[in-house]
Amino acid sequence: MSIEVKELTKIYEEQKAIDHISFSVNKGEVVGFLGPNGAGKSTTMKIVTGYLHQNAGDAFVCGMNVREHPMEIKRKTGYLPEANPLYHDMYVREYLGFVADIHHISNKKQRIEEIIKVVGLTPESKKKIGQLSKGYKQRVGLGAALIHDPEVLILDEPTSGLDPNQIIEIREVIKNLGRNKTVLFSSHILQEVEAICDRVIIINKGKLVADDQLKNLRQQQNRDIIRVEFKETVTEDMLQKLNEVKRLCKTDANHWELETDNSTEVKKQLLELALQNNLNIVSLQNEEQSLEDIFRSLTNV
């Protein structure tokens, strides 16, 4: 296993940022690491990359304990932190060369040009980093994480600040890298995670709440989403009286989202509710749970 964490715990004063979490990621896997803000994702990634020490538990990369072999781990790991610290007064090639020197890369010039092409920096490669847009700065950070051809990639919000076209390009980069490397990445764009990953790890309030293939998570949840739109205003109290509804959410003025284990019964009740209260149903749809639905269910959002 390229990444393995066992009973990992980190405490800040009296708050447990991560609470005895365990998981592993194998070579050739691209795994989405998800959770609400403050769930402990970035803390876990910093521990795995050796930038932060845990209070308890162990983290391993390529079979080595991160705490015991910090320099070896950094040689085998490419890390794009959420903050993406860069030297804004340096030119793109100058900065990538600086990072390449840290890793003692022999074919530096050739490698820099390869990375610039891989992450799509060619149009902006002659500029200073401070002159770049947020999206291109993100590409520079990704390039720095890749320059030494690491076995393991830890990417914290890699598509942050990118426009839709750039997101698609970086998505393809990550998917291609995942064929020969181990990739663990976090993102708040759940559609991106669905497009890139087959497996997700979800943490909430420092605890592991899910670790499985997406298809298995959908089967385990075994719930449908009913989306209903009324012509008239419908109150939450009216819908809360329905049986078999596990979760209720207003998504727009007259749009509601209902999570249920028994969609047939709930749709029947919605029709009865409309008849009894002279309501007009504009649309009524039954959908399979998306990753967003699963995420909200598991994290109580």
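Predicted model: local features only at pLDDT ≥ 70, side-chain atom pairs only at ≥ 80, totals over all residues.
Local features need pLDDT of at least 70 and side-chain atom pairs count only at pLDDT 80 or more, while totals for chains, interfaces and linings use all residues. Residues are numbered from 1 along each chain as its sequence is written, and side-chain values use heavy atoms, with hydrogens and water left out.

Helices (H or I, at least four residues) and strands (E, at least two) are DSSP runs, numbered from the N terminus. Two packed helices are described by the angle between their axes and the distance between the axes. For helix α5 (residues 134-146) and helix α6 (residues 164-177), the axes come within 12 Å and cross at roughly 10°. The axes are lines fitted to C-alpha atoms, for helices over the stretch in contact, and angles run from 0 to 180 degrees between N-to-C directions. Helices α5 and α6 are therefore roughly parallel to each other (under 35 degrees; over 145 counts as roughly antiparallel, 65 to 115 as roughly perpendicular and the rest as oblique). In contact terms (heavy atoms within 4.5 Å), Gly-135, Tyr-136, Arg-139, Leu-142 and Leu-146 of α5 meet Gln-166, Glu-169, Ile-170 and Leu-177 of α6. Five of the residues in this contact are nonpolar, two are polar and two are charged. Here Ala, Val, Leu, Ile, Met, Phe, Trp, Tyr, Cys and Pro count as nonpolar, Asp, Glu, Lys and Arg as charged, and the others, Gly among them, as polar.

Gln-166 belongs to α6 and, at 9% relative accessibility, counts as buried. Buried means under 20% relative accessible area, exposed over 50%, and partly exposed in between (1.4 Å probe, protein chains only). Apart from neighbours within four places in sequence, Gln-166 is in contact with Gly-135, Tyr-136, Arg-139 and Gly-161.

In helix α4 (residues 108-118), the buried residues are Arg-111, Ile-112, Ile-115 and Ile-116. These residues cover an arc of only 135° around the axis, which puts them on the same side of α4; the arc is that of the directions from the helix axis to the C-beta atoms. The buried residues of α4 pack against α3 (92-102) and α5. On the face turned away from this buried side, α4 carries the exposed residues Lys-109 and Lys-117. Gly-120, with a positive phi near 75°, follows α4.

Helix α11 (residues 291-299) is mostly covered, with eight of its nine residues buried. The buried residues are Leu-291, Asp-293, Ile-294, Phe-295, Arg-296, Ser-297, Leu-298 and Thr-299. Asn-300 follows α11 and has a positive phi, near 55°.

Most residues other than glycine have a negative phi. His-20, although not a glycine, has a positive phi of about 55°. His-20 lies in strand β2 (residues 15-25) and counts as partly exposed at 41% relative accessibility. Cys-62 also has a positive phi, near 55°. Cys-62 is located in the loop between β4 (56-61) and β5 (64-65), and its relative accessibility of 24% makes it partly exposed.

With a disulfide defined as a pair of cysteine sulfur atoms within 2.5 Å, the count comes to zero. The sulfur of Cys-197 is 19 Å from the closest cysteine sulfur, that of Cys-62, which is too far for a bond. Cys-197 counts as buried, at 3% relative accessibility.
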